[in-house]
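Could you walk me through what's inside it?

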Amino acid sequence: MAAASLCLALLAACSPVPGGASPSASASASPTPSASATPALDLTRPGVARTLIRDLVAASGSRQIVMVLIRQKEASVSVLTDGQPHTWAYRGGSIKEVSSDLSYVGQATFDPDAFDLSDIGALFRAAAAVSGSDSAQELQIVDSRRVEHSAIELKMSVATNPETRTVFFNADGTLVPTLDFNTATGIATGLSDAIGTHSAATAVIVGSATGAEIEYPGADGATTVRRTRASKLPVTDVPRSGSDELPGFDPRVVSPVVIWRVLQRYAAQGGFGPTTTWSMTADIRTADTLPRLRFAIGSARLTTDLQGNEVTQ
């Protein structure tokens, strides 16, 4: 699943509304008189975007925001009014309602003031340093929940056109770091992100190719959710049909220090290095009462207890 598909699936190019129809989520609507008019703005200048987004929210008359989009010279907010999405945009020096085929499928609403929009230029520069491109940059805040049956934690993201790599930011403007799962820090950070506040799981999985994951029963009792922190993506939750019959346990008993210790034992023998493909799955099988850590390190296979001591499977 591409990063861009998670964040861009809800978005569509907005265009000025043609006259003669009432506003709707996906049909054309009558143009609303400009709520305000300002000279052309450079939204990458400090403070400009934050003020403009507040003006757009005020013009919309709604505090139920489902999407914010900011480019260098344009911005828009999509809000819920009577349960339907409507988009207000700043284009050509004025604020007006515009048409959009954005659909509302249960996305969470949010307060744009909870995100650091004080310096969009700084976010664009940081994103360009990571992605290698500053072409037609676009910042988005949108909840992709229930799109493609997955959910990505609500973050700011910056994408480019032509598309390169989508770069994610936390609400405070800090970068969501890229993790190297062949390092102790990458394993520890990824595992912490994947576990989050969860205290029950049926499996904990960490690997060089997949990142860090936990599986836990869905709230409906009929699904299992896989929660993943990949190398270049924030945490995503993806449910699948069917409940997991494995016993549950506290995922926090799986220590990243122990995982790294086992990997280092193989490093000392030349069996683990910066490019080694490896994975570890922790779960409870057969008559076990505590999880076992089941490693695949290159061509080697071994099982350990929670302290990293090798045991018979």
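This is a predicted model: local features need pLDDT of at least 70, side-chain atom pairs count only at pLDDT 80 or more; totals for chains, interfaces and linings use all residues.

Let's start with the largest nonpolar core, which has 30 residues. Within this core, V206, V254, I259, W278, M280 and I297 touch the most other members. The largest share, five residues, is from α5. Pick out M280 and skip its neighbours within four places in sequence: M280 then contacts V204, I205, V206, V254, I259, L293, R294 and F295. Apart from this core there's another, made of 29 residues, including V68, A75, V79 and I141.

Next, have a look at T228, which sits in strand β13 (residues 223-229). T228 counts as buried because its relative accessibility is 12%, and the cut-off for that is under 20%. Its side chain makes a polar contact with the side chain of E213, at 3.1 Å. Again leaving out neighbours within four places in sequence, T228 is in contact with T210, A212, E213, P234, V235 and T236.

Now for the backbone. Most residues other than glycine have a negative phi, and most peptide bonds are trans. With that in mind, check the loop between β9 (156-159) and β10 (167-169), where P162 lies: a cis peptide bond joins N161 and P162, with omega about 5°. A136, in the loop between α3 (120-131) and β7 (138-142), has a positive phi of about 45°. T286 has a positive phi too, near 45°, and lies in the loop between β15 and β16. With a relative accessible area of 82%, T286 is exposed.

Notes:
Residues are numbered from 1 along each chain as its sequence is written. Side-chain values use heavy atoms; hydrogens and water are left out. A nonpolar core is a set of buried Ala, Val, Leu, Ile, Met, Phe, Trp, Tyr and Cys residues joined through side-chain atoms within 4.5 Å. Buried means under 20% relative accessible area, exposed over 50%, partly exposed in between (1.4 Å probe, protein chains only). Helices (H or I, at least four residues) and strands (E, at least two) are DSSP runs, numbered from the N terminus. Contact means heavy atoms within 4.5 Å. A polar contact is a pair of N or O atoms within 3.5 Å; within protein, one must be able to donate a hydrogen and the other to accept it, and residues adjacent in sequence count only if both atoms are side-chain atoms.
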